[in-house]
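The sequence and structure come first.

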Amino acid sequence: MKHIRLTRYRKWRNVFHQSWMMIALLAMLFIPLVLVAGLIMKSMLLLENHPLFELLFSSDWSPLSSRFGFLPFIVSSLWITILSLLISAPVCLLTAIHLTQYAKRWVLRIMHPVIDILAGIPSVIFGVWGILVIVPFISHQLGPLFGKSVSGYSILAGAFVLSIMIIPFMLNMLIELIKAVPNELQEASLSLGASKWQTIKLVVVRKALPGIVSSFGLGMSRAFGETIAVLMVVGNVTRIPTGVFQPGYPLPALIANNYGEMLSIPLYDSALMLAALILFLVVLMFNVFSRFLILKAETH
Amino acid sequence: MNTKTEEKFFRMLMFLSTIFIVGVLLLIVVSVLYKGLPSLSFTMLTSIPKGGFYFGEEGGILNAIIGSIYLSLGATFLAFIIGWPIALYMNVYLVKHHTLVNAIRFVFDVLWGVPSIVYGAFGFILMVFLGVRASLLAGIITVSLFIVPIMVRAIDESLKSVPRGLLESALSLGSTRSEISYRIFSREAFQGIITAILLSFGRAIGDAASVLFTTGYTDRIPTSLMEPSATLPLSIFFQLSSPIEAVQDRAYASATVLISMVLVISLLSRFIGNRRN
């Protein structure tokens, strides 16, 4: 009798745990849908009153007279994201090749914690560092070098801070990708008389290329959504930037800066939610595309 | 340019970029500590803001330190009781359904990439919808939403390395899958789970964009889940936007506190992760 009761208890316990696991999983998979639905619902108010085309391509942002042109924010976001990738992509690729192909063991032993710690530093700290180091550097050294007197709070400052933030993220992926290139390929290339550098350039990098491209894509999407660090150094001026020394106002900063006042004006509230929706969709697209590319490269 | 000099040139570039990354990390830590340590004092760590604190007078950031710890502990706990079972489910129950598990991994990987400000905006919509004010609870829920993907994928990675034979032999001896999950797989992946928890906790304590909308800010230490709460990243952010120099100095001191906490977490998870090897 006791034995049967115990078995029943164990079975019941299994069912209980399994149900909880399933509920948790389904709930978490359900959340992105609720998230999109919520953001769409909130931004409907604005979309009903203004055509989407005008919202995206007008540069007239004056919420109080209910004109919402997102162009300055979109252009700022694009500038900062692309610029930050231009800075960090070569650094990451070169370091990844160095660490996987040339570096001695002790270098790796130092670099792993360095990457981990860099990845763990909160974005607000990057912002503080940007204000302490990058902004004065641009204002005192880099600006005068180009014959400009600038405050330092600029697209360039934002891009530079961002480029450092996405380095650990991209570098980790690149190291894994390059490590995953089969050794036989390299040996074949070397045995045919190619030098080590030719092998790296023409075999390793070429083989890992889809992965490299997609890790850059993931880095870009991370840069696109980063908020506080950029907000602190970018200047936040609503105008389409025409140079890297000018201040910008990216989308995440727009949302973060105005959350207090948005409640009083429903359209304004709706506009900020539309900004969040744009952010979400762009990042989602980049992510899905890049991850898909990685998956496809892995199965080949 | 022949191949030899080309290789030399690129090897130098590679060496420089590696040095660059190490240098930048050192520069970040050193510049924050250099600016922050002189203004850091014992009273700053142990008192809450008094009247006139934001004009450079008496007080400290205890409210933000405690608030951040409450928030991160709550969010990490919530994310753990959701994320841990999900990871186990993927590796013990769904072990035969490769495509499904890979699809789930794909979704969580993508969710990991969603910016925290989007979660913040979403949390805010939920709050308005439910009629709740900015509070510790709203913050905990929002932050846990965005650390669950990290938790799931990190635990999942360590469960993946548990040998399949262990599952098969336990099943053949009559264990139920829940026993295998919690008694065998979780024990095997114990260190990985601890690392995942620390990783999530570090994410939770450092994020500002998601708590900006949802947790609010107050000078008091919260006594219940329904009260708003200060957080360390936001206190750094707010103090730094002040034009008064004494307040800015305190922001750097607060940054020192935050960076020390995060470094300790990093080192701890490194230490635990290394013991596995």
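## Terms and model

Two residues are in contact if their C-beta atoms, placed from the backbone, lie within 7 Å. Helices (H or I, at least four residues) and strands (E, at least two) are DSSP runs, numbered from the N terminus.

This is a predicted model, in which local features need pLDDT of at least 70 and side-chain atom pairs count only at pLDDT 80 or more, while totals for chains, interfaces and linings use all residues. Residues are numbered from 1 along each chain as its sequence is written, and chains are lettered from A and ligands numbered from 1 in the order in which they are written.

## Helix pair in chain B

In chain B, helix H6 (residues 136-160) and helix H9 (residues 190-206) have axes that come within 9 Å and cross at roughly 155°. Axes here are lines fitted to C-alpha atoms, for helices over the stretch in contact, with angles running from 0 to 180 degrees between N-to-C directions. H6(B) is therefore roughly antiparallel to H9(B), the term for angles over 145 degrees.

Residues of H6(B) at this contact include Val143(B), Ile147(B) and Ile150(B). Among those they meet on the H9(B) side are Ile193(B), Ala196(B) and Leu199(B). The contact of H6(B) with H9(B) divides into ten nonpolar, four polar and two charged residues. Ala, Val, Leu, Ile, Met, Phe, Trp, Tyr, Cys and Pro count as nonpolar, Asp, Glu, Lys and Arg as charged, and the others, Gly among them, as polar.

## The two chains

Chain B has twelve helices and zero strands. Of its 277 residues, 48% are buried, that is, with 20 or more other C-beta atoms within 10 Å of their own, C-beta atoms being placed from the backbone. Among contacts in chain B between residues at least 6 apart in sequence, 76% join residues at least 24 apart. The C-alpha trace of chain B spans about 70 × 70 × 35 Å along its principal axes.

Chain A has eleven helices and two strands, in the order α-α-β-β-α-α-α-α-α-α-α-α-α along the sequence. Buried residues are 46% of the 300 in chain A. Its C-alpha trace spans about 70 × 70 × 35 Å along the principal axes.

## Contact between the chains

The contact takes 68 residues from chain A and 65 residues from chain B. On the chain B side, helix H1 (residues 3-36) gives the largest share, 20 residues. That side divides into 46 nonpolar, eleven polar and eight charged residues.

Key:
A residue is buried if 20 or more other C-beta atoms lie within 10 Å of its own, exposed if 12 or fewer, and partly exposed in between; C-beta atoms are placed from the backbone. Angles under 35 degrees count as roughly parallel, over 145 as roughly antiparallel, 65 to 115 as roughly perpendicular and the rest as oblique.
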